[in-house]
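The sequence and structure come first.

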Amino acid sequence: MTTAVREVSVFGDGIAYFNEAADLLELDAGMRAILTHPSRQIIFSIPFQRDSGEFEVYTGYRVQYSFARGAAKGGIRYHPGVTLDEVTALAFWMTWKCAVVDLPFGGAKGGVTCDPSTLSMNELERITRRYAAELVEVVGPDKDVPAPDVNTTPQIMAWFMDTYSMHVRQNVPGVVTGKPLEIGGSRGRVEATGRGVTIVAMDQMAAMGLKPENSSVVIQGFGNVGMYAAKLFAERGCKVTGISDVTGAYYNAAGIHVGDAMDYVKKNHNLEGFTGGDKISNAQLLEAECDVLVPAALEKVFTGENASKVKAKLIVEGANGPTTPEAAKIFDQRGIIVIPDIMANAGGVTVSYFEWVQDRMGYFWKEAEVNEKLEDVMLDNLHELQKIVVEKKCTLRTAAYMLAIDRVVKALRLRGVYA
Ligand code: NAD
């Protein structure tokens, strides 16, 4: 398995956003140095046996970026493009995301460089169990708590939890979140990231005078985040006119029937052959007429090249890192509002936090209670950002970094630097 090489660092994008906010906060050089270095980066080999009997070796990563506010927290990604740079950027963003929504967690991320579409369920299980076993000493409910990300599912979280529990000789559901309900998952977790996206989108749309019944939404990526965001936008009365996945993009000015698209993906695993919209290119999807655009796939979707062609009034970043700093400047100049990833997709980690709390209590909440608590967390913190935007005349992204950095710095100063 070769490791993908990116031309421009994803972590570099994160640092550029960090520096803009750190300048406004007049953060000193020492604190900047601490916050721009990950606490721990772990790289290891995952030898495993194919069903055919042959052996292969993949590379696994876990980056624990910060423990300042609590146990490290962040998903695990299985994708051919996983690199140390990408995992570090995602762990960096988890640090700010947990702080923006005021959760008692630091930030982490993990991944395996692999193409899951070429793996059987048995092969996936062997890779996951080896990945978990390699991390037994450094994860745990008070150390580091993984969760799902691109191409990782509740079943994969179940194998992770079982492997860890076997090694420590006791049942530890709180070692990982995003588990199936039967083994300590939380109601509402599967939809949580998409739900959070729609909660903040609706609030910002109201502030912009966009009524749901007159608004069209285009969504890139139809996985955990994009699919449930589409469903919930449609339920709230918006017209979803464009969707896409790795197989292509589909557009219907009259509105795509989201339920049909979900059923189609359940049956066929992806949107290839979906007839509920005209097939268009990914570039056409991003440049389509719409009110709200939700990137919910991977990083670096909006760049200096295509940002001037985007027609949406509001971008809600379901994905992590979809906008490069060059594109962010263009959006700002053009008056396109962007709800940044570290706020927009924080619904997932918020309900992961609720899952961790419920696992530790051994007492589980009804779905309505989870959803109500999620809405409070998302809106309370979005409103904080909107206030900073007015005070500092900055973007929502800079406001989010400012709020998050301030919270992490306060924790760091109280704890002190142990040396
Ligand atoms: P997923 O694996 O469930 O779905 C990813 C989707 O993106 C799939 O439909 C895939 O086909 C599509 N995709 C991949 N490459 C694409 C391309 N080039 N063009 C169009 N579509 C493409 O992953 P997910 O969990 O939905 O994660 C999506 C994004 O949201 C990632 O950036 C992830 O880090 C972020 N995120 C996920 C969660 C979560 O709870 N799952 C939480 C916060 C943020």
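The residues of the shell around the ligand comprise eight nonpolar, 10 polar and four charged ones; Ala, Val, Leu, Ile, Met, Phe, Trp, Tyr, Cys and Pro count as nonpolar, Asp, Glu, Lys and Arg as charged, and the others, Gly among them, as polar. The model is a predicted one: local features need pLDDT of at least 70, side-chain atom pairs count only at pLDDT 80 or more, and totals for chains, interfaces and linings use all residues. Residues are numbered from 1 along each chain as its sequence is written, and side-chain values use heavy atoms, with hydrogens and water left out.

**Ligand site.** The ligand is surrounded by 22 residues, and Asp149, Asn151, Thr193, Asn224 and Asn320 are the closest (a residue is near if one of its heavy atoms lies within 4 Å). At least two shell residues come from each of helix H6 (189-207), helix H7 (224-235) and strand S7 (239-245); helices (H or I, at least four residues) and strands (E, at least two) are DSSP runs, numbered from the N terminus.

Backbone N or O atoms approach ligand oxygen atoms as follows.

| Residue | Distance to a ligand oxygen atom |
|---|---|
| Asn224 | 2.9 Å |
| Val225 | 2.9 Å |
| Gly318 | 3.4 Å |

Taken alone, the ligand exposes 830 Å², and the protein buries 84% of that (Shrake-Rupley method, 1.4 Å probe).

**Domains.** The protein divides into domain 1 (40-183) and domain 2 (186-360 + 367-419), with bounds from an automatic or database domain assignment. Their C-alpha centres lie 23 Å apart. To the contact, domain 1 gives 37 residues and domain 2 gives 33 residues (heavy atoms within 4.5 Å). Because domain 1 and domain 2 both give residues to the shell around the ligand, the ligand lies between them.

**Arg69.** The loop between strand S2 (55-66) and strand S3 (72-79) holds Arg69. The side chains of Arg69 and Asp102 are joined by a polar contact of 2.9 Å (a pair of N or O atoms within 3.5 Å; within protein, one must be able to donate a hydrogen and the other to accept it, and residues adjacent in sequence count only if both atoms are side-chain atoms).
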